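Q: I have a new model open and want to learn to read it. Where do we begin?
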Amino acid sequence: IRLFLFGGRGKEEEMLARWEAKYPHVKSMVGICSLDQELMLISRLDVLLCMDSANMHFASLVGTPVLSIWGATHPYSGFYGYHQDLENAIQLDLPCRPCSIYGEKKCYRGDWACMTQILPMDVVKRVEAFLQKQQTDRDENHYKS
């Protein structure tokens, strides 16, 4: 698996550069290419993992499937990616969600359970399962033709 990291300048760029240096199959795309070039790269991805962000919408524009992580906000708030499968929303069913439409409010519980209870390994398993299903679908379509 090759991972491409998309993000903004500043602190985010520095963090992504550290990950790129630490992990051999990771490439930070921050500041490397134009928006058109990023869209072209996103269009060639098997899947884009992101939060509710512009990148989710960019992937939707170019027909790339998205696994999106939702915390304080909720896909039903009207910001879900166009033509994305709601099954690919990674989120917890908590009575306090959504507590924010735009994600700008502080957690009234104080523990950000909507995010801290989504475990990194659970996200990895979702990505692996998605990629496995994609491969199975490709194999089945190959045998049908």
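A: We begin with contacts, meaning heavy atoms within 4.5 Å. Not counting residues up to four places away in sequence, Arg97 touches Trp70, Gly71, Thr73, His74, Pro75, Gln91, Leu92 and Cys114. This is a predicted model: local features need pLDDT of at least 70, side-chain atom pairs count only at pLDDT 80 or more, and totals for chains, interfaces and linings use all residues. Residues are numbered from 1 along each chain as its sequence is written, and side-chain values use heavy atoms, with hydrogens and water left out.

Q: Is Arg97 buried or exposed?
A: Buried means under 20% relative accessible area, exposed over 50%, partly exposed in between (1.4 Å probe, protein chains only). Arg97 is buried.

Q: Which side chain of opposite charge is nearest to Arg97?
A: Lys and Arg count as positive, Asp and Glu as negative; His and the chain ends are not counted. A salt bridge needs a side-chain nitrogen of Lys or Arg within 4 Å of a carboxyl oxygen of Asp or Glu. For Arg97 the nearest is Asp93, 6.0 Å away, and Arg97 has no salt bridge.

Q: What does the side chain of Arg97 reach?
A: Look for polar contacts: pairs of N or O atoms within 3.5 Å; within protein, one must be able to donate a hydrogen and the other to accept it, and residues adjacent in sequence count only if both atoms are side-chain atoms. The Arg97 side chain reaches the backbone oxygen of Gly71 at 2.5 Å. It also makes a polar contact with the Gln91 side chain, at 2.9 Å.

Q: Which residues have the most contacts inside the largest nonpolar core?
A: Such a core is a set of buried Ala, Val, Leu, Ile, Met, Phe, Trp, Tyr and Cys residues joined through side-chain atoms within 4.5 Å. Here the largest has 14 residues, and Phe6, Leu48 and Val66 have the most contacts inside it.
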